[in-house]
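Please read it with the model open.

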Amino acid sequence: MTDEKKASDPRKIKSVRRMKEIMTNYYIGAKTARENGKKVAWITSGGPVEPLIAMDVIPVYPENHGAMIGATKMGVDLCEKAEEMGYSRDLCSYARADIACATINGGPIGGLPEPDFLVCCNNICGTVLKWYEVVARYYNVPLFILDTPFVHGKFTDAAKKYVIQQINEYIEFLENVCGKKADPDRMDEVGRLSVEAQRLWQKVLDAAAHKPAPISAFDAFFHLALIVTLRGTQETVDYYKGLSTEMEERIANNIAMVKNEKYRLLWDNLPVWYRTRWLSEKFASHDACLVADTYTSAWSGVLHLIDEDNFLESMAVAYSSVYINISLDMMIDTLKKMIKKYDADGLVMHSNRSCKPYSLGQYDLSRMVAKQIGIPTLIIEADMVDERSFSESQIETRIDAFMETLKA
Amino acid sequence: MITAGIDIGSITAKAAIIEDGKIKGTLVDFTGYNAKDAGRRVFNALLEKLGLNAPDIKALVATGYGRNSVDFADKSLTEITCHAVGAHFIAPETRFIIDVGGQDSKVIKIDGSGKVIDFAMNDKCAAGTGRFLEVMARALEVDLDEFGALCAHANTPANISSICTVFAESEIISLISTGEKRENIIAGIHDSVASRISAMARRVGVEIPVMMTGGVAKNIGAVHALENKLECEITVSTYAQVNGAIGAAVLASRR
């Protein structure tokens, strides 16, 4: 979203306002949880949040907070603070920013509400294990770890048994820390709402298959917040219903997110949170739209593995099978499908200094894409939150050169 | 038709003027603090040298890091495109370009028409660039123009393990203190630069004939070290340093 896109601009997505409202209320609710007798759990972005919603616990996401820190350009200060505390600059910038923030209640919202307990799922990386252990020690609260084995091709029966067993332990853990029994009917209801929200979110993303795209990946980065934090609630379902309807209207009225869209690109890895606008305008100046990305679709990409009638068990398998917990062979399949679906002319990969599991293999993937589909890749070296890893003139030259090659 | 190209790099500013497919003249000057002034300065100096006036130039393309500060250019294009076109103009058989300038190094694979197939640039680090060599030459108190030639006098190139310019400099200082022969250190430095660049070249996939461009192409030690690493011959034209500006002038003539 750019400054020129004033309220009257037809390109501006109207649902933005509603999203801001919901997120503000959500954070107010989380910050006042203690006064209202509610429990707060910190959870990793890829963790199963549905049981928390079913148990009436407010989930809080340090990673979503990290994204806010990045977007408000407060990342460098907090990362430096963490480095002063002794954390390595090579550590993930979400982890650094979050750990530093906890000690000073800094950042855009004055720190996250203190957790009553923590839920950590390592389907997104190994860093979260140590990060959450640090947080557990700092606040002296219980930590539940859900260990999801890496999927090398086939999800074995042993692995399935292993994760389902842990889901049962997870429910037990929740019953203990909440001091009440889980209600299976409520769990089913939350499961259905979560699935419905994921379907709607995918529908929103699918709208970008239309030419010109009514929504770009840069918009998806913003509208993603609810599917990450509050999937399993009616509010989230309602929001994405509205957003999906808006996308249909935009398609009907031929409203494009990028004026004169000529080139359609696919983004890989997390956003560069402090430079989303710059990047979006830079690509738009070349008539290029980032129509889709592997990141925001991660929250609906495993939908086909979820069985609404057996939510908890199928959820265990689905959560283990997310995009960055699978082999390169499986990743390339997903990538190829996306390139075809959105009819992408090129791939833009953010080699993210913070996110090793996501960035590892990008050169192989780009080679496979060049060989098997014949489209070029641009690799941008940066970091999602730590601006010190972003060199504007170097990145500008890479983007300009890539676009010159694409146009030639 | 007479057209011009201006390439504002981090250390030097280059200008080239061509007429009907022939190079009329080129010029190199230091960029200095103000990239905008540097572009104007080098362009005017070349006009004067060739006895031309600004209106004689029908089109002008700017390139290099300072490309967007050349406000009198008709268009700005990246060094990638300009080096590809420049190399193709000088030697049409060229399929692979290694351009090493002041603050970055890049490798470009091109097709028979000079079109870019793929490219890679060094990451946010000075290792493997002209600036790296400059810092090392200073540490060893050697004139930059003689720096590369001294490699030929090494018997066992020293091993420089650090990839960081700052750390490599302190590594070199400790090598000096252990009494290592200066030529061996110098050869080691050139090997380390060549290692960085050859890894990048292999990532894109080297195809012969290979041409080296940019200011560092003037350094014979760097060219030889790269030839050894890549196990192929590398050609260097007399226009290596102004190759990007020539490409820009050629692109200006196509407009």
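This is a predicted model: local features need pLDDT of at least 70, side-chain atom pairs count only at pLDDT 80 or more; totals for chains, interfaces and linings use all residues.

1. **Chain A, overall.** Chain A contains 17 helices and eight strands. Its radius of gyration is 21 Å, close to the 22 Å from the globule rule for 408 residues, so chain A is as compact as a globular protein of that length. The C-alpha trace spans about 65 × 50 × 45 Å along its principal axes.

2. **Chain A, burial and contacts.** Of the 408 residues in chain A, 60% count as buried. Take the contacts in chain A between residues at least 6 apart in sequence: 79% of them join residues at least 24 apart.

3. **The A/B interface.** How many residues of chain B are in contact with chain A? The count is 18, and they touch 18 residues of chain A. About 1500 Å² is buried between the two chains. Carbon and sulfur atoms give 50% of this buried area.

4. **Polar links across the interface.** Between chain B and chain A there are seven residue pairs in polar contact, with both residues at pLDDT 80 or more. On the side of chain B that touches chain A, the elements giving two or more residues are α2 (79-90) and β8 (116-121). The count of salt bridges between the two chains is one. D400(A) and R67(B) form a salt bridge, with the closest N and O atoms 2.7 Å apart.

5. **D400(A) within its own chain.** D400(A) also forms a salt bridge with K282(A), at 3.1 Å between the closest N and O atoms. This pair links distant parts of chain A: K282(A) sits in helix α12 (residues 276-284) and D400(A) in helix α17 (residues 392-407), 118 residues apart. Are these two residues buried or exposed? K282(A) has 12% relative accessibility, so it counts as buried. D400(A) has 7%, so it counts as buried too. The cut-off for buried is under 20%.

6. **A network of charges.** The structure holds 39 salt bridges over all chains. One network of salt bridges links K282(A), E396(A), D400(A), R67(B), E79(B), D99(B), D104(B) and K106(B). It therefore includes residues of chain A and of chain B.

7. E207(B) pairs with K109(B) in a salt bridge, the closest N and O atoms being 3.7 Å apart. E207(B) lies in the loop between α6 (182-204) and β9 (210-213), and K109(B) lies in strand β7 (residues 105-110), so the pair ties together parts 98 residues apart in sequence.

8. **T405(A).** T405(A) is in helix α17 of chain A. Its relative accessible area is 15%, so T405(A) is buried. Which residues does T405(A) contact, leaving aside its neighbours within four places in sequence? They are V116(B) and F119(B). The side chain of T405(A) also reaches the backbone oxygen of A401(A) at 2.8 Å. M384(A) is 21 residues from T405(A) along the chain, and their C-alpha atoms are separated by 26 Å.

9. **E249(A).** E249(A) is placed in helix α11 (residues 234-252) of chain A. With 45% relative accessibility, E249(A) counts as partly exposed. E249(A) and P214(A) are 35 residues apart in sequence, and their C-alpha atoms are 9.2 Å apart in space.

Key
Residues are numbered from 1 along each chain as its sequence is written. Chains are lettered from A and ligands numbered from 1 in the order in which they are written. Side-chain values use heavy atoms; hydrogens and water are left out. A salt bridge is a side-chain nitrogen of Lys or Arg within 4 Å of a carboxyl oxygen of Asp or Glu. Helices (H or I, at least four residues) and strands (E, at least two) are DSSP runs, numbered from the N terminus. Buried means under 20% relative accessible area, exposed over 50%, partly exposed in between (1.4 Å probe, protein chains only). Contact means heavy atoms within 4.5 Å. A polar contact is a pair of N or O atoms within 3.5 Å; within protein, one must be able to donate a hydrogen and the other to accept it, and residues adjacent in sequence count only if both atoms are side-chain atoms. The radius of gyration is taken over C-alpha atoms; the globule rule is 2.2 Å times the number of residues to the power 0.38. Buried area is the accessible area (1.4 Å probe) that two parts lose on being put together, summed over both.
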